[in-house]
Amino acid sequence: MKLLIVSGEFHRIATQYLPKKTTVIHPHALELRNLSEYLNGGNPVGDAILITDQAFTQKPGLDREQLTLLLEWVQENSTSRLPVVLVTRDFMKPFELGMLTQRFDHFNIITSDTVRIPAEVYRSAIEQMSQKGTAPVAPIHNDYKTETTYINENPLKPGQPEKKRSFFDRFRSKPETSADRTATDRLSRDIANISRGISRVVAVTGHRGNGLTSTAVNLAHEASKRGLSSIIIDMDTEYRSMNMYFSRFHDVTNKDEQMSASLIRTLARPQDYLTTAFNIKDQFWLTSLGYSFNDHKLMEQFYNSEKLVGLLSVLRTKFNLVLLDMPLDLLRSFQETMIHIDVFGMCIPNNLHAILSTARNVEVVLDREKAAYLNAKSKVIVTKYNDRSRFQGALFTPDKVNDILASGISDSFQYEMKTAGVVPYSHAFDSQIETDIPMTNTGAEFEKAFGQMLLRLMEGA
Ligand SMILES: Nc1ncnc2c1ncn2[C@@H]1O[C@H](COP(=O)(O)OP(=O)(O)OP(=O)(O)O)[C@@H](O)[C@H]1O
Ligand SMILES: [Mg+2]
């Protein structure tokens, strides 16, 4: 097989990984951004195109655009639709590029979350391409306990289709017949959009001060970056700290009484959220209260479980992600809302005090039955994660946090929870309040942390 590899600096190594019968048709490294030059220069294309992570620029929007150009080029210029396969370590790629796998049946993604992608995975990619069939996307894999499986535990054998459906399949629309696929670009785009119809209501909860608000803020930013529509509902009306993270919202609430009452107005008339909530950018919204809002009568009337259930049922149909900032204390008066929340992200730092106070907090607020329900629907977010913190002489790992909670220290936590993610402790954490730039936009470490967390929360409990 003659292969075009788009793998940037990885070109030479990737070449060594390939099976002997494969010929790489170009001697120099290619990246997605210089590919159009190569293709339009009349250079050979071969029988298939393999892309690796090094082909990308790390700017998701730009990468998606470049990849789309390549796939369109292949569609227009190759009669037999060259297979294009992306082999990636980035578990978010199928998420970000789901629309492309939907739109181009010759494009496929294989993920492997190992430190280094094993040669076996490349070989299986080549095998798939030589069969010219579109093999299913391999399962995504994780480093914490979740439902999904590891590719290196169960590598795809050539020709053996993977039976387990990927989580990302839910983002895709139902299979079309080949006749349907002759649809215009517009239609395929619409279909791809419908395939993004997944919706989750996620409550970020935990003991006050455990990092709930910053977690909700960063998750929502991450979702918006990944092309998911999202809205934050700031239920913490006692400590209105959401305003600190969105200074534009804060400024508007100072001038505009209506916006200062945003949460109450949105609870009162959910269907009018486009006017009552605040648009952060694109498909990213917020509803909260300004510091000046203080109408107890209105609070009594609209800030209650019944109204919140109504709001959630409307927003669920409009957004991919509805994120509640909901400290544990609030669950006492919002118990009826709990069944309308798909998953709770339980924020707990990795220290004993935080674990014990979380357990006590649940005991005080909920009866045993409701506590068990919360337990079953929660995933732990280890916040302010201190990688030097120790417990009984060993590292205080995220798993340890879960182990201790499920060890019988509290009747409220009977089942061991899964970890949704870890927010590393950072001395610069409060700079996001000063600068309005969320941690997740400050570099790869936090982007990855919140990206993984987002995915695991979107998976449900
Ligand atoms: N990963 C982290 N590294 C360093 N500091 C952090 C981290 N996460 C949270 N903090 C700090 O802890 C404090 C509380 O954070 P945040 O407002 O997110 O928590 P909260 O649980 O919503 O608190 P509150 O109950 O006051 O609303 C803030 O000063 C924040 O900067
Ligand atoms: Mg808060």
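These are my notebook entries on a predicted model of one protein chain.

**Ground rules.** Residues count from 1 along each chain as its sequence is written, chains are lettered from A and ligands numbered from 1 in the order written. Local features need pLDDT of at least 70, side-chain atom pairs count only at pLDDT 80 or more, totals for chains, interfaces and linings use all residues, and side-chain values use heavy atoms, without hydrogens and water.

**Overview.** I found 20 helices and 15 strands in the protein chain (DSSP runs, H or I of at least four residues for helices, E of at least two for strands, numbered from the N terminus). Of its 461 residues, 55% are buried, meaning under 20% relative accessible area with a 1.4 Å probe, protein chains only.

**Cores.** Met235, Leu324 and Met326 touch the most other members among its 53 residues. Helix 16 (residues 352–365) gives the most to this core, 5 residues. Apart from it I noted another core of 39 residues, including Phe91 and Ile232.

**Met326.** Leaving aside neighbours within four places in sequence, I see methionine 326 in contact (heavy atoms within 4.5 Å) with residues including Met235, Leu308 and Phe334.

**Helices 8 and 20.** The axes (lines fitted to C-alpha atoms over the stretch in contact, angles from 0 to 180 degrees between N-to-C directions) of helix 8 (residues 212–225) and helix 20 (residues 444–458) come within 9 Å and cross at roughly 85°. So I call helix 8 roughly perpendicular to helix 20 (65 to 115 degrees). Among the residues that meet are Leu219 in helix 8 and Phe450 in helix 20.

Conventions: Core = buried A, V, L, I, M, F, W, Y, C linked by side-chain atoms within 4.5 Å. Buried < 20%, exposed > 50% of the residue type's maximum accessible area, 1.4 Å probe, protein only. Parallel < 35°, antiparallel > 145°, perpendicular 65-115°, else oblique.
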